[in-house]
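Open the model in your viewer and keep the selection tool at hand. The tour moves from one stop to the next.

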Amino acid sequence: MTIRALPPDLAAQIAAGEVIERPVSVAKELVENALDAGATTVQVEVREGGVRLLQVADDGCGIPAAEAVLAFGRHTTSKLSAAEDLYHIRTLGFRGEALCSIAAVARVTMTTRPRDEEAGTLLRLEGGQVVEQSLTARPAGTTVTVENLFYNLPARRKFLKSENTEAGHILALLAAYALAYPAVRFALLLNGREVLRTSGTGRTEEALAEVLGLDTARAMTPLPEVTGRTAARVSGYVGAPSLHRGNRDGLFFFVNGRWVQDRSLSFAVEEAYRSLLPNGRHPVALIDLRVDPADVDVNIHPTKREVRFRQGQDLFGLVQKAVRRTLVEDAPLPQMEPVRGQVVPVPEGRQMAMHLGREATTPEATRAALELFRPAPNAAPAEVPPPRAPGANRLPPLRLVGQVAQTYILAEGPDGLYLIDQHAAHERIMYEHLQALRQSLTIPRQALLDPRPVELTRYQAAKLEERRETIERLGFEIAPFGGATYLVRAVPVGFPEREITNFLAELLQPMPGKEVERAWEERALETVACHAAVRAGQTLSETEMRDLVRQLEATTLPYTCPHGRPTTIRLTLTQLEKEFKRR
Ligand code: ADP
Ligand code: MG
């Protein structure tokens, strides 16, 4: 084979592929450039998940006319000049390849003006080449408009997830940077609708409220600032254990103002919450690390999403201690060892409503949860439960034995011992009841004595408006109450009030995958079932357990919860005999 140099435009596309994976990569590079330019306002506009249009406008330092074209060159940067600079990086960018990479895979327009220059510059690039350069009038700052992303890379375009998934990633990025830079005013427009806006007051508490919603912000406590041996400083905010979420999207890590993803840091924080959160749930926390730039290598990943620490272990220990101390001192909570069960893989996009684990609640709450959707005595018997057909995936009649670890129900069947996960089982029951009710008529709702105010984020409010009909069909009544406040007036009969905030946060987050109405409603139904179901860690009376087992017997798919986790484990008599060496 003959070795030859690749044509320059192909080489550029290959290099660009590393930096620009998907629309959020463009957003990240442009927002970081704006922050490096000292912007106090960053406005982002996105159309069609960022593929059609992604625009970032700032009021930063601008680019001198003489350097505008140079900014789009490969490895051209104003942030680094000598090799040793690489170990003292204080800017977010330094590789000098973002603008160049973006221009290689999209149509780009930039207008820019430094404060001390009379006129601004307009540049238009196609396929990485400048096709127009002219003078323009504009306020000081820079606007980069990226259109038709990957128009010249159809293969990559095919790999993109749905518009909604891409938009969700961009929202998460803006949310993170808005929290890391509370003094900067951020705004995000998705398809013409404003879904995020911060006021840039410089107060993190305010940014937390604007980004995560007031209810969440109120449940967050500042960490005491701690300093480690390695000249590292940890500060931030941690959510009360009641704020648990179905995924790790509520965890934000910043290292010297850079938003990073780091498994060890996530682990350190989650360990600090150990036994405080329901099993399988994740906390909300913002961790801000300041370390000597010489102690962190930010040049290990083309998108700079990951970093490497010189004294990682010390740092993780420091984070963990700071979080734990805040949680345990400020809120003494019951200490329970988490139960680690086996979790079956869940199809993508369905993880968010994963089961809630242990959580102590009052017997009244338990009773209310178990009352939920039990068919009224005068209801037509054919409606719920569905007719039973004997078969391999039906539960046989079971005799109740008792409860184990306030989490599992022990029962005896004709062929052995049954261990039933009370939460998973109840989730399955609720889910099928809700489904049946929805098909027949409507889900019965119950008005709250005191309508409950909830504070939504802009994104959540937009989503609520968009999905109002579906949400009401599920038995909720939620009315606008001025600003970001909404009033929950009614919930499905028996839905526990304490779950309203967590439920809405989960329901109204960007869901991965295509948001076709049908799929959305299915997931919403699962989320209702999950939040309404009795928790692990709740003591159940004998009657309650017997009811639960009866209702589970009546379901169509008694062996798995709606997310695919098992509800029941069976130990056959043969297995028992083997274990006891009777055979
Ligand atoms: P890097 O950020 O790694 O330096 P980029 O390709 O992102 O590389 O940008 C190249 C250069 O263009 C930057 O170093 C900076 O001087 C200039 N630049 C890019 N975006 C902006 C902006 N929004 N405001 C001011 N200058 C910018
Ligand atoms: Mg850059």
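A polar contact is a pair of N or O atoms within 3.5 Å; within protein, one must be able to donate a hydrogen and the other to accept it, and residues adjacent in sequence count only if both atoms are side-chain atoms. This is a predicted model: local features need pLDDT of at least 70, side-chain atom pairs count only at pLDDT 80 or more, and totals for chains, interfaces and linings use all residues. Residues are numbered from 1 along each chain as its sequence is written, chains are lettered from A and ligands numbered from 1 in the order written, and side-chain values use heavy atoms, without hydrogens and water.

**Stop 1: the ligand**

Select ligand 1 and Asp58. A nitrogen atom of the ligand is 2.8 Å from an N or O atom in the Asp58 side chain. An N or O atom in its side chain lies 3.3 Å from a nitrogen atom of ligand 1. The protein covers 93% of the 530 Å² of accessible area that ligand 1 has on its own (Shrake-Rupley method, 1.4 Å probe).

Asn33, Thr77, Ser78, Lys79 and Gly96 come nearest. By class, the shell holds seven nonpolar, eight polar and four charged residues; Gly counts as polar, and Asp, Glu, Lys and Arg as charged.

**Stop 2: Thr111**

Go to strand S3, residues 107-113, and pick Thr111. Strands are DSSP runs of E, at least two residues; helices are runs of H or I, at least four. Is Thr111 buried or exposed? Thr111 counts as buried because its relative accessibility is 17%, and buried means under 20%, exposed over 50%, partly exposed in between (1.4 Å probe, protein chains only). Show Arg138 too: its side chain makes a polar contact with that of Thr111, at 2.9 Å.

**Stop 3: Gly62**

Gly62 sits in the loop between strand S2 (53-58) and helix H3 (98-105). Gly62 is buried, at 11% relative accessibility.

**Stop 4: two positive phi values**

Most residues other than glycine have a negative phi. Phe150 has a positive one, near 60 degrees. Find Phe150 in the loop between strand S6 (141-147) and helix H4 (154-159). Phe150 is buried, at 1%.

End at Asn191, between strands S7 (185-190) and S8 (193-197). Its phi is positive too, about 45 degrees. Asn191 is partly exposed, at 42%.

Conventions:
A residue is near a molecule or strand if one of its heavy atoms lies within 4 Å of it.
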